Number of protein chains: 2
Amino acid sequence: MTANYVSRDNFGMYAQTAIGPGPFLMGANTLLGNDVYNRDGQDLGDIKEFMIDMASGRIAYAVLSFGGLMGLGDKLFAVPWSALALDTENKRFTLNVPKDALKEAPGFDKGHWPSMSDKTWARGVHKFYGTPYSGD
Amino acid sequence: MTANYVSRDNFGMYAQTAIGPGPFLMGANTLLGNDVYNRDGQDLGDIKEFMIDMASGRIAYAVLSFGGLMGLGDKLFAVPWSALALDTENKRFTLNVPKDALKEAPGFDKGHWPSMSDKTWARGVHKFYGTPYSGD
């Protein structure tokens, strides 16, 4: 069975569908490992982490592995939160990027994380995904 | 050893202290299980989850267990993000609430999560912790 937020719901937060926090509020831990697909229904990878901007409390980036794509298995990719949408029907995230285009995505090695508050780095990431960058 | 974001850093994001995302951006998964103390240096409990407001991408609440407090071990407590501060020296969160006052904190049973987008519930939580509620 594929891991998704229901199978990772150790605290029963989604047990009652009529009430409870979801889908407006979702547990970060339950969303880890969730699949990410594009709108063409292609499996792109999965969520490894959420990076919290501590001052604002915003999730600035999800960190993805595009493990299914040739040659990208060892790298991690920071994807702006606003580039992702939760697909509650299929219980997965949607990232609207063609699979081929991800070969050009800005990634990094696990042992060499970028300084995510660096504006040049952040601008490049937002430019790639076409998301607004508010840090300037 | 107490679990903290360094011991839970499976991806090496804090391995290089001079660069990398922290402490401005921190991995949500690395912060799970972190201790929460008050300003008097009392151990209040630990972080069990972060609830993401999916529309805005904000962490609306951390979900805490006040397991060390008599009679509160079975309950969970939603604490507004703005009530928490990361203490990077001690690698833990600070929640400025006296230990005794937590007996009156609004909590819930694991099998009965509140509808966190309900305004009456949210107002009550923010009132208890003295944090601004922007949902009205």
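Me: Where does Pro23(B) sit in chain B?
Reply: In this predicted model, Pro23(B) lies in the segment before strand 1 of chain B.

Me: What makes the bond between Gly22(B) and Pro23(B) a cis peptide bond?
Reply: Its omega. The value is about -5°. Most peptide bonds are trans. The bond joining Gly22(B) and Pro23(B) is cis.

Me: What is the bond between Gly22(A) and Pro23(A), cis or trans?
Reply: Cis, with omega about -5°. Pro23(A) is in the segment before strand 1 of chain A.

Me: Where in chain A is Lys91(A)?
Reply: Lys91(A) belongs to the loop between strand 6 and strand 7 of chain A. Those two strands form a hairpin with four residues between them, and Lys91(A) is in the turn.

Me: How do you know that strand 6 and strand 7 of chain A pair?
Reply: Count the bridges. Pairing asks for at least two bridges. Strand 6 (residues 84–87) and strand 7 of chain A have four, so they pair. They run antiparallel. Leu86(A) stands opposite Phe93(A) of strand 7.

Me: What makes strand 2 of chain A a partner of strand 7 of chain A?
Reply: Two bridges join strand 2 (residues 35–37) to strand 7 (residues 92–95). The threshold is at least two, so this pair qualifies. The sense is parallel. Tyr37(A) has Thr94(A) as its bridge partner in strand 7.

Me: Which strand of chain B pairs with strand 1 of chain A?
Reply: Strand 3 of chain B. The pairing with strand 1 (residues 25–27) of chain A is antiparallel, over three bridges. At least two are required, so the two strands count as paired. Leu25(A) has Asp53(B) as its bridge partner.

Me: How many residues does each chain bring to the contact?
Reply: Chain B gives 42 residues and chain A gives 42 residues. The area buried between the chains is about 3700 Å². Carbon and sulfur atoms supply 65% of that area. On the side of chain B, Phe11(B), Leu25(B) and Met54(B) lose the most area to chain A, together 21% of what that side buries.

Me: How many salt bridges and polar contacts link chain B and chain A?
Reply: Salt bridges number zero. A salt bridge requires a side-chain nitrogen of Lys or Arg within 4 Å of a carboxyl oxygen of Asp or Glu. Polar contact is found for 20 residue pairs, both residues at pLDDT 80 or more.

Me: Which elements of chain B supply the side that touches chain A?
Reply: Strand 1 (25–27), helix 1 (28–31), strand 3 (43–53) and strand 4 (58–65) of chain B each supply at least two residues. Strand 3 gives the largest share, six residues. By class, that side of chain B has 25 nonpolar, twelve polar and five charged residues.

Me: Why is the relation between chain B and chain A called what it is?
Reply: Take the superposition. Chain B goes onto chain A by a turn of 180° and a shift of 0.0 Å along the axis, with an RMSD of 0.0 Å. That is why the relation is that of a two-fold axis.

Me: Which C-alpha of chain B is nearest the axis?
Reply: That of Arg58(B), 2.0 Å from the axis.

Me: How do you know that both copies use the same surface?
Reply: Compare the contact residues. Of those in chain B, 100% recur in chain A. The same surface serves both copies.

How values were computed. Residues numbered from 1 in each chain as written. Chains lettered and ligands numbered in written order. Predicted model: local features only at pLDDT ≥ 70, side-chain atom pairs only at ≥ 80, totals over all residues. Heavy atoms only, no water. Contact = heavy atoms within 4.5 Å. Buried area = accessible area lost by both parts, 1.4 Å probe. Polar contact = N/O pair within 3.5 Å; in protein donor to acceptor, adjacent residues only side chain to side chain. Nonpolar A, V, L, I, M, F, W, Y, C, P; charged D, E, K, R; others polar. Least-squares fit on C-alpha atoms with pLDDT ≥ 70 in both.
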